[in-house]
Amino acid sequence: MSSKVSIIVPTRNSRHTIELCLRSIIAQSYPNIDVIVADSHSSDGTAETALGLGATVLDFPPHAERTHKKNEAARHAHADFLLF
């Protein structure tokens with residue numbers, strides 16, 4: 001069995017790029033991944049798009065720092081490896 005990898009994507013108001021990003025991740029040949037989107041309370045549909053593509057979405061205050069979002073998302077990950 002292959003090791004599990006959690007891919008963490010910090011974002012804010014990225015509706016125009018998040019779908020392409022997540023579809024690229026999903027299309028990878030490595031089978032055992034999960035995607036966590038650390039979103040800063042986007043108002044443009046970013047979270048809804050990510051949820052629709054099967055990602056776990058964690059909501060943060062609008063001005064949360066990227067490092068804080070990545071660390072908190074890592075605490076929610078249940079994987080052998082993290083990829084940011």
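Start by selecting Glu-72, which is partly exposed at 24% relative accessibility (buried means under 20% relative accessible area, exposed over 50%, and partly exposed in between, with a 1.4 Å probe and protein chains only). Before you click on, know that this is a predicted model, where local features need pLDDT of at least 70, side-chain atom pairs count only at pLDDT 80 or more, and totals for chains, interfaces and linings use all residues. Residues are numbered from 1 along each chain as its sequence is written, and side-chain values use heavy atoms, with hydrogens and water left out.

**Stop 1**

Helices here are DSSP runs (H or I, at least four residues), as are strands (E, at least two), numbered from the N terminus. Is Arg-75 buried or exposed? Arg-75 is exposed, at 58% relative accessible area.

Arg-23 is partly exposed at 46%, and Glu-19 is partly exposed at 36%.

**Stop 2: strand β1 and its partners**

Next, pick strand β1 (residues 5–11), where 6 of the 7 residues are buried. It runs parallel to strand β2 (residues 33–39), joined by 7 bridges (two strands pair if DSSP finds at least two bridges between them). Look for Pro-10, which stands opposite Ala-38 in β2. β1 also pairs in the parallel sense with strand β4 (residues 81–83), over 3 bridges. There, Val-5 has Phe-81 as its bridge partner.

**Stop 3: the core**

Finally, show Val-5, Ile-7, Val-9, Ile-18 and Leu-22, which are among the 11 residues of the largest nonpolar core (a set of buried Ala, Val, Leu, Ile, Met, Phe, Trp, Tyr and Cys residues joined through side-chain atoms within 4.5 Å). Which elements give two or more residues to this core? They are β1, α1 and β2. Apart from this core lies another, of 8 residues, including Ile-8 and Phe-60.
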